[in-house]
Structure formats: structure tokens, C-alpha cells
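Have the picture open and follow along.

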Amino acid sequence: MSGAVAPQDEAGVAAAVAEAFAAGAPLEIMGAGSKRGLLRPVQAARALTTRALTGITLYSPHELVISARAGTPLAEIEAAVAEHGQQIIAEPPDLGPLLGSEAARTLGQTLGGVVATNLSGPRRVAWGAMRDHVLGVRAVNGRGEVLHSGGRVLKNVTGLDLCKLLSGSHGTLAVITEITLKVLPAPPATGTVVLDGLSAEQGVAALAAALGSPYGVSAAAYLPSGAVGQLAGLAASATLARIEDIASSVTYRTTRLAETLEAFGRPRILDDATSRALWRSVRDAVPLRNGNGNAALWRVSVRPSAGPAVAQAVSAAFDARWFLDWGGGLVWIAGPATEAAHTAVVAAAQAGGGTWMLLRAPDGLRAAATVIPEEPAALARITRAVKAALDPKGILNPGRMYVGV
Amino acid sequence: MIQQPEPKRDVLARRESIVAGLRALLPETGVIADALRLKPYETDGLPAYRQLPLADAVVLGLMRMNQILDIDYADRCATVQAGVTNIGISQAVQERGFFYAPDPSSQLACMIGGNVAMNSGGAHCLRYGVTANNLLGLKIVTVEGEIVEIGGAHLDAAGYDWLGLITGSEGQLVLVTEVTVRILRAAEGARAMLAAFRSNEVAGACVDAIISSGIIPVALEFMDRPAIHACEAFAHAGYPLDAEAMLIIEVEGSVAEQDALLDRLREICARHDPISMKVSSSPEESAAIWKGRKGAFGAIGRISPDYLCMDGVIPTSRLPDVLRRIGEMSEEYGLKVANIFHAGDGNLHPLIMFDANDPDSFARAERFGADVLKLCVEVGGCLTGEHGVGVEKRDLMPVQFSPTDLDQQRRIKEAFDPQWLLNPSKVFPLTSPPALAHAA
């Protein structure tokens, strides 16, 4: 976005926010801007971007920690840890192409953007979310004060955990300036057990058996036949369970897992290269990329066994394209950008006892819709009080998550 | 020295009405009927300073809320009341091969509500994470008395991460009455090995080498000479009494996978001039190895009348320096110390031995402990990894946090608890800026 303030360092962020605080002038907070289309549109005359705050400030592979300024491209961090055979644990998705933003094409996503939205990929089901691995943050609150929480050690219960509070807060509480993540060795080999042609209910039952097996399944997804499309190695609907480990263990575990899943069909085992490409596609929701570029996109999170019912309900309500990750618990949905479709998604998520997030829609729908669930009154009061505790004048990304917050 | 004040008379007089109020809030069985028997809320099962009611606080006991409410194997979660013990969850699901991952040494006694309050870890959190990483939902009671459910059986909140903020908040924000945890299927098997070394430094270097090799054992525990001797006398686990330092390393998988991993670990250890290495050959032997480690606090209790258990965390690369400094402090203060810790994640548990009947000994122990924690912060670590700040460490908070940080945390506390009624006088230093010193 042109015209955005792009401070060169944390002190610059603090000064810019302090100035906005004094003036009571709202700021749109962003990194590269690839996720500006998430949730509700922000009403702010000015934008502040962390994209100039770049660089890895600490990387200690043998201590499993990496620190970087918030505007560092995620790809740069992924490359740095890959050089030491390590990986970002939560496997964050690259939704740029799906969200269709120009910024995403040119700049990619930043570390700060990924943490601020707490977006995690397929490995989330076994190894935790982005927020689970945020060990430390530095940030500037809505008064322009520099804060820090956590640190660079793997365990820490000293004081309130602002790392978790700020992760997933979409820039509404503070501007994150630097982040320390736990990283882990990247398993050298990957394999996938696939069952072809199951219904969603059968598929999720198979995934429950896989995740309930002793073989350490690190991802579990169900792609209906409509979502399989051009993905290599798949034909009919695909029920997928991934093993990541050393090569000999991947061979052993995929074999044993396939035996376990014989009750559900005739399992096949996909090789390393096919598996990696396939899970990258699941991670980035590639099955929803084709088709109408104006379609709305949702992520619904429910208990895994409720995933098929959510898919069925939205399919009954509109021309939905969907697939399931996280053992069935994460329902990715694309459909018409209409209030009726959104209402159907909300109803399905509520019936499943879970939550939803509107990822992409025209501004009109984004502004009118409850893009994430409203909280019960007691929590809504606390949400507003915590917002005021960090951003008393409501100048940071106002309205991004809830009206008036 | 920490003072334990007498409750105020007017509060004592109000006990009956307080119990009546609680009865309205909680199920019948959650309230101890006899007002005179109001007992401490169990936090982490630790013997020292288990509960310290301060000033005019009333202690709310949740230990009778001890029901397991739901176990769902298909969705891999369990919902339990706050007073269920940590091990009680694993025991309830073990017949199906499942377990609840965080396993603090106190797991026989500590309750899940306390684990949530302290974000407890344990020996296996290098692989499986701490409490916060294993929670799906909470039922909470706000200070206004509202009962609210957070999360559920699904992953990730859409709004602010209350689950993450409340976990580890030491009862400062809300009361937790029910917890939905993830349950995991256990690996096919697990086996431990012991490796004994000639110095703390060499053992520390071996820890580095293991992590750098790309192997993340499910547990990687360190004990120094005093700890080895105390624990061996207690558990008869075959610990090497001639060693200065010892590692317990555990791996999981099929027998063949265990063999392959243990072979690689033995090679790494062999490069560090070990005195001895021993791989457990049976489940009984593995159990004995863990009995020694998990019984460490009790074992120290057998050789010293009293001890302070510290809980600092350091970057693992600073291990040799920090252990050397702790050794020097031990000389300076004239108090023995045994070091036991989770080496993979740098969580130190130095046990400082003293005699509570000797006020000078106690005072030295407290100063020694504070110096250890300051050292942890100085080398880039923190004051507490899993035991919490409580009263003991509240005045050290400014060592780790700036005044702005502490003010911000206090404002967040106030968003939940405007009158500072929940766990008053804990976590935050009493010497606070006047405008925010509500608790003092």
C-alpha cells in the first residue's frame, strides 16, 4: 500500500504510534499486506507497516530458537532454518495466491503477519499452532510504549503470557516488532498413506484411527473428489495421513499404518516427493484456488468428527467447494460471497460447536458479517477491557475483529 | 523472609457467608462445608509454600471438583474438573493406550487446575509441549461470577487467545473449574538410557551435541553429583555414583526404532568421554530410572531437613557457566545444592539445602536462590519455567521486566479483575508505581 508509514526500527514504530495516540488517529497495522483482506476492513486514514523491520537477530540451532524482526519475509526465515536442517513447526500456509493480493505476489508474507494471524498448516493437528511456538515478542502498544514478553528460552511462566495474547490478535492490541520462535529439526523423510474413494464420514473415521494409532501421524486430511483436481497421485476422494521421520521409520510406520487402515479400504503409500508436494497443496489450500476468484473463503474449526456435517450443511446451502484438514476439524470452504452463504457457514459452525473465520470476501460482506464468532457477554466485556488496557484510544486496526474493538 | 500473616478478624467472621456465596457458584461437592476446614487450594503439589493465604484472602479449595466428565477417543480429548490429578487423566485413558502428555514430577498429587495456573511442564515437554500446548478448552468463572466456556473440542480460538493468556496466569485473571485437554495415543514403546560424565561441562556439551544432531529425545534430563547420590539412595536405580553428571535420555517407537536411536545417541555420548553408559533392558529398569528422577525432591528431603527448589530457565548453551556459578555461590553461602533439570529445554531446578530451624541458614538460602534466578535472567533466561512467580519471586519481577512491561501486565490483570480480588499480593511486586499499586 502506498503512503503507509514504514518505520526503519522499533523506536520509529513507537514514535509513529505515539503520534497517532496523541492525535487519536487510527492506524491500519500490517506487514507486507498480504492478509489485509482477512476479517473486517479497517477504517483508518493511515497505515503503518512493519515491512522495513527486517533481519534475523538471533539463530541458535542447537538451542532450537530463532529471533527475527517482524517484517522479515517468512521465506527468509524458512530458508535460514532449512540450512541447518530445521523447520518452523506449525507449517504456516502461504495463502497469498488464494487471497489474491498484489502484495503477496511481490513481497510474500512476513513473520509478523503469520504470528499476528496465528495461521497454522497441516502439522498443527500433531505439533501445535503458530502461537504454541512463539517464545518471545517485542511490541509497541497503542500508547506507543515498547513492551516485551517471554524471551528466548523454551519454558517460561514469568508474568502474563503476552506472546499468546498478541498471537492471533490481528494487530489490534499492539504492533509486533520482533518475534522469537522455537524451531525443531526437520524430519528427513515424509510418507503418506492414502485411502481412495471414501465418503467424508468414512474418511474422518479413518483419520481418527490414524491419529489414534501409535505411529505419530503428523497430518491428516480429507479431500473430496471435487478437491482432488490436478493433485499428483490422487484420483477419487482422498483420505491422507502423513508420517515424517527418518527414512527407515517412515517406511516402517507407513507400512504399519496402512495395515491399521485396511479396515477402511485398500491403503496406498505415496513416496517422499509426491507426499511433500501434496501436503504443500493442502497447506496452501490449493484445491480452493481454481474457480471463481470472487468467491468467499472461510475456515471453520470444529471437533474433528463434526467436520463432515459442516461440509454437508454448507453443500446443501450453496455451491460449496471444500476440504478437511486437521483430522476433519478444519473445514476449508469456498462459495458465493453472499450473506446467505455466510449465514449458512455460521450456522454449520455453530451446530458443530466450533468457530469460523471469514478469510476473503468483498468489503461489503466483510463489513456487514460477523467474520469471527461474537463472544458471550462476559468475554465480550473482557475483550473490550483488554483492548483498552493495551490500546486505550482504539487506534490499532480498529474494527478488524469485532465492530468497535 | 516471607511472612505469612494472620487472616483479618473481619474476614474470619465472614467465613460462613463466603462459603454460602461459593455454594451458589459451585456444585455442592465443590465447597467444603465446614468453614473452619477451609483448606488450601492445591497448586503444583510442591511441598514448599504450597499455599500461602495472604492478608485478607479467602482460600478457595477446588480439590473436591475431581470428576472426569467426558473422554472422547475419536476426537482425542477429555474434559475433567479442575481438581482431577494430572496422573488421574492418564490413568483414565491408558486402557486404550492414550495419555495426557505434560508430566510434572508432582503428577501423582498435582491437579490439572494447578497445572493450568502454572503452565506446568515436566520431563517430556521437549517433545510434547507444556500445559498450554495440550489444552483445548476451559470452563472459567469470572470475578463477576459469570460462568463461561472457552474453546472446546476444536483447535484454535477465533478471537483473542484467552486459553493461552489464562494458562500460566497463576489465578490472577479468572477461576478455572473445568479443563478440556488433548489426549494422545502413546508410542509403541519407550526406553531410557543413562550416560555418566566426568564433569558438568562435558555433560552440557553432550546435550548440545544431541540436539544439534537432529535427534529430539522425548526426555533429556540432567542430574549433578549430589542429585545422583541422593536419588540413588532413594530409588536404587543403578545410577553411576562415580559420575559428576548424568543424563537420562529417553526415546520412543518400535523396538527396532528405539535400538536405532539409542545406537546413535550412544555414539554421540561416546564422543564425550563418558564414564559409563547403560541402556535400560526392560520396562522395570526404565521405571526405576524414572523413579529416581521423579522422586528427586523427596530424595533430597531425606538428606536435608529443608530445601528450596528453584525453577529458573536458561539458554541451554549457558549451562556449563551457570552450573559453575551456582557451585561458586554454594561455597559463598555455605549451603549445599543439588542440580536437577530438564536439559533439553534449559529449565533448572537447583535444590538449595538449608535448615529452617536456623534463621540465618534460611536467610542465606533465600539470598542464594534469588542470586540464582538473577543469574538466569542475566544470561538470557527467566525467573520461572513452570512453578510460577507467586510470592517468592514477585519482588524479582523487575529484574526481568521493565516498569512499562509490569504496568502493561497489571492493566491486563485489571481488565479481568478490576478490584484485584483474585490471588492478591502475588506475581506483581508490591513496590509498584503508586497509581497501580492496588494490591499492596
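How much accessible surface does chain A have, and what share of it belongs to carbon and sulfur atoms? The accessible surface of chain A is about 13,100 Å², and 53% of that belongs to carbon and sulfur atoms. Such areas come from the Shrake-Rupley method with a 1.4 Å probe, and for residues only the protein chains shown count as cover.

A quick word on ground rules. This is a predicted model, where local features need pLDDT of at least 70, side-chain atom pairs count only at pLDDT 80 or more, and totals for chains, interfaces and linings use all residues. Residues are numbered from 1 along each chain as its sequence is written, chains are lettered from A and ligands numbered from 1 in the order in which they are written, and side-chain values use heavy atoms, leaving out hydrogens and water.

Here are the two chains. Helices (H or I, at least four residues) and strands (E, at least two) are DSSP runs, numbered from the N terminus. Buried means under 20% relative accessible area, exposed means over 50%, and partly exposed is in between (1.4 Å probe, protein chains only).

Along the principal axes, its C-alpha atoms fill a box of roughly 65 × 50 × 40 Å.

Now for the inside. A nonpolar core is a set of buried Ala, Val, Leu, Ile, Met, Phe, Trp, Tyr and Cys residues joined through side-chain atoms within 4.5 Å. The largest one here has 210 residues, and A:L234, A:I333 and B:W162 have the most contacts inside it. Helix 13 of chain B (residues 359–378) supplies the largest share of this core, nine residues. Apart from it there's another core of 28 residues, including B:W290 and B:Y307.

Finally, visit B:T384, in the loop between helix 13 and helix 14 (397–400) of chain B. Is B:T384 buried or exposed? B:T384 counts as buried because its relative accessibility is 0%. Leaving aside neighbours within four places in sequence, B:T384 is in contact (heavy atoms within 4.5 Å) with residues including A:N156, A:V157, B:D311 and B:K393.
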